[in-house]
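Hi,

Here is the structure I promised to send over.

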Amino acid sequence: MSEHTLKPDVMPENPEKATLEGKNKFLGFWFFLGGETVLFASLFGTYLALKGSNMQDPPAEELFSLGLVFLMTMLLLTSSLTSVYAMYHMKNNDFSKMQLWLGITVLLGLGFLGCELYEFYHYIHGEHFTFRSSAFGSAFYTLVGFHGGHVAFGLSWIIVLMLRNAKRGLDLYNAPKFYIASLYWHFIDVVWVFIFTVVYLMGKVG
């Protein structure tokens, strides 16, 4: 039996790096994450440079509603915790509980996306704050929308993994895939913490 199809009764302590392929995927992911970090850093720098160029748009302290943003933050941070539970059960070779906690993670992520879409709809139709209304609007929608796109991608990634391996179960071949998807989800959450602080909190205090 090859290492790809090996299904041990007890998973190794670090099943995501128990095979050479798993180690390579893990290393490649960190290179990918470095590029993503540089990209988001550029978007943050652009936003900070343009946030005062709002023209006829309302200033950030009048525009943003921290109540909705706080709810979005709680949904995303809680989803990070549930993905930790999922990886805990992966390491204990409990595939059904891993799938359960990943499913909860997906639901929380969908809740976050729903709130973000509602926020954008309110800004566009209620405040007439659009991507093209000012440089501030362009920078805001690019940064926050780009993050939202990453959330949608992360959710799609997790859902595909869950469906594709529903009958296959957990083995040393797909364990690294689940683990890397979980790491990516944590990265998305960390980026949101910076968005919450830099865009919304700093925006409210001027």
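Aspartate 171 is buried, since its relative accessible area is 3% (buried is under 20%, exposed over 50%, partly exposed in between, with a 1.4 Å probe and protein chains only). You'll find aspartate 171 in the loop between α5 (135-164) and α6 (175-204); helices here are DSSP runs of H or I with at least four residues, strands are E runs of at least two, and numbering starts at the N terminus. A polar atom of the aspartate 171 side chain sits 2.8 Å from the backbone nitrogen of asparagine 174. For reference, a polar contact is a pair of N or O atoms within 3.5 Å; within protein, one must be able to donate a hydrogen and the other to accept it, and residues adjacent in sequence count only if both atoms are side-chain atoms.

Keep in mind that this is a predicted model: local features need pLDDT of at least 70, side-chain atom pairs count only at pLDDT 80 or more, and totals for chains, interfaces and linings use all residues. Residues are numbered from 1 along each chain as its sequence is written, and side-chain values use heavy atoms, with hydrogens and water left out.

On confidence, the protein chain averages a pLDDT (the predictor's confidence in each residue, from 0 to 100) of 89, and 90% of the residues score at least 70. Over residues 1-6, pLDDT stays under 50, and the model has 10 contacts there beyond four places in sequence; contact means heavy atoms within 4.5 Å. Where pLDDT is low, the predicted coordinates should not be read in detail.

As for the fold, the protein chain has 6 helices and 0 strands. Of its 206 residues, 46% are buried. Among contacts with a separation of 6 or more, 81% join residues 24 or more positions apart.

Valine 198 and tyrosine 47 are 151 residues apart in sequence, yet 9.2 Å apart in space, C-alpha to C-alpha. Beyond its neighbours within four places in sequence, valine 198 is in contact with Phe44, Tyr47, Leu48 and Gly203.

One last stop is helix α4 (residues 95-126): its 32 residues reach 46 Å from first C-alpha to last, close to the 46 Å expected at 1.5 Å a residue (the expected span being 1.5 Å times one less than the number of residues). After α4 comes histidine 128, with a positive phi near 55°.

Cheers
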